[in-house]
Amino acid sequence: MAKPSGTRSVKVYLGMLFLLGIAPLLFQWTNQPFLLDLLSRGLIIGIAALSLNLILGYGGMISLGHVAYLGIGAYCVGIPAYYDIYDGWIHLSLAVVTCALFALITGAVSLRTKGVYFIMITMAFSQMIYFIFLSLEEYGADDGLVIYARSEFPVWINMEGAISMYYWIFGLLILTLFFIHRLVRSRFGRVIIGSKYNDLRMQSLGFNTYGYRLTCYVISAVICGLAGVLLGNFTSFISPEMMSWTRSGELIFMVIIGGTGSLFGPLFGALSFLFLEEALSLITIYWHLIFGGLLIALVLFGKGGIDAWLSKLDK
Amino acid sequence: MGLECKEGKLTTLLGRNGMGKTTTVKSIIGKVSVTHGEISFRGESIIGMPTYDIIRKGIGLVPEGRHIFPNLSVKENLVATANKNSGLATEWTVDQVVEFFPALGDRLNHMGDQLSGGEQQMLAIGRALMLNPQMLILDEATEGLAPLVRQEIWNRLVEIKQLGITILLIDKNIDEFIDISDFHYIIEKGRQVWAGPSRELVDDSGLKARYLGI
């Protein structure tokens, strides 16, 4: 768990949230719709990274299948839309219930393992979902599924238009940050954090850590599923490709780059990852090579990630 | 081996290194599976129960090596482990633990790995007290601590005993705690070789030399 934040880093966090809050207006003023699109995508992936950080950073559960929930969330928009069901509340409820159920079943099995076995089993479950959707020809199989209209909500909170969509994403981001902030500071969160350091010790203090870890796993999956709902609406297209295990690997990278076990770190990680990807691809077609090198350097020398650099402001 | 901890008394489990003291503790709290024999707490068999259930029945463990959570602050270490459903009339609070160990008062917001050995030990005992135990097990609680800090721990154990909490103590500094303890068991290679009150142990110097190497 991050040590108590100092005032300078808190100012940076609040400043960043303020900038994110006014970003659509700035991009509209400067006529940069592409940047708004990129930022929207970055924030959605950021929410997914925050949810992964809840189990990975705070709970020490390294899941290589977390992106499956992003895909499930997106399909909870796409499949009802295929049958002309566009009610947003139905999409959201479906995503919450489906992700919670899938996480409960797979988590109940996965959390009986530890370390590399946990990584492998989460990846196996994720691949299972990936191949299930790959075989569903009714819903586009590997061609994917086009979503012709976004989820419908009352007019004052609709998702139509890039700016409305952005504020939906920004709203969920704020809720997620607040929820995780409260959760990790609650007794529940402290048990999860303590269990990461020494699970047996936590059991010796009277906690059924399996139950706590499973609950945390389900909560994390639901948050990621909600990010998936936004992703489906944002891209208006879904395909099994977004559930590939390599995407889960990218999500882990984002969490590590940003700083595991820190509140804002995964968000920094996701934004840096996506913006770097875009910036480098403008320079050369061999950008993967530079990007890979940079990631290796960041992991080797950037101990604690971006959040750790920011916390140096407080010293 | 037979081991009985009488209610409200301080019982010790003595023996040289590797004789099975910590294994006995692990058996009590369900960390080591017991193939035969019986272990009961307040008249109820606890064999085969998961560790967390045994602890919830009212046993607080201060483990060898302390095992403070370094990624939690002192206050979080105490709050996270508190048992608010002990059913006891008066339950331990963070304030009471701080009153009990004033040294922790100024360190509440420090992380677990920023404490001295003595402070960590006080926190480990405080954390066990927050479980509102009816029995406290201390496994090598004063290992590596300075004599003054050890004395502080013994003083606190006397107060804990006065509160009616049963104590099982495993420690090497027998001369320091013999006056505050009531009954002793000596084990060798997993077997009980002697049991008796403090006076008998004091009087028999050969006993200590033979089994404890003192």
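Visitor: In strand 6 of chain B, which residue is the bridge partner of B:Met135?

Guide: B:Met135 has B:Thr166 as its bridge partner in strand 6 of chain B. This is a predicted model, in which local features need pLDDT of at least 70 and side-chain atom pairs count only at pLDDT 80 or more, while totals for chains, interfaces and linings use all residues. Residues are numbered from 1 along each chain as its sequence is written, chains are lettered from A and ligands numbered from 1 in the order in which they are written, and side-chain values use heavy atoms, with hydrogens and water left out.

Visitor: In which sense do strand 5 and strand 6 of chain B pair?

Guide: Strands are DSSP runs of E with at least two residues, numbered from the N terminus, and two of them pair if DSSP finds at least two bridges between them. Strand 5 and strand 6 (residues 166-170) of chain B pair in the parallel sense, over five bridges. Strand 4 (residues 59-62) of chain B also pairs with strand 5 in the parallel sense, over four bridges. There, B:Val62 stands opposite B:Leu138.

Visitor: Which residues of strand 5 of chain B are buried on each side?

Guide: In a regular strand the side chains alternate between the two faces of the sheet. In strand 5 of chain B, B:Met135, B:Ile137 and B:Asp139 are buried on one side, and B:Leu136 and B:Leu138 on the other. Buried means under 20% relative accessible area (1.4 Å probe, protein chains only).

Visitor: What share of the 214 residues in chain B is buried?

Guide: Buried residues make up 52% of them.

Conventions
Buried < 20%, exposed > 50% of the residue type's maximum accessible area, 1.4 Å probe, protein only.
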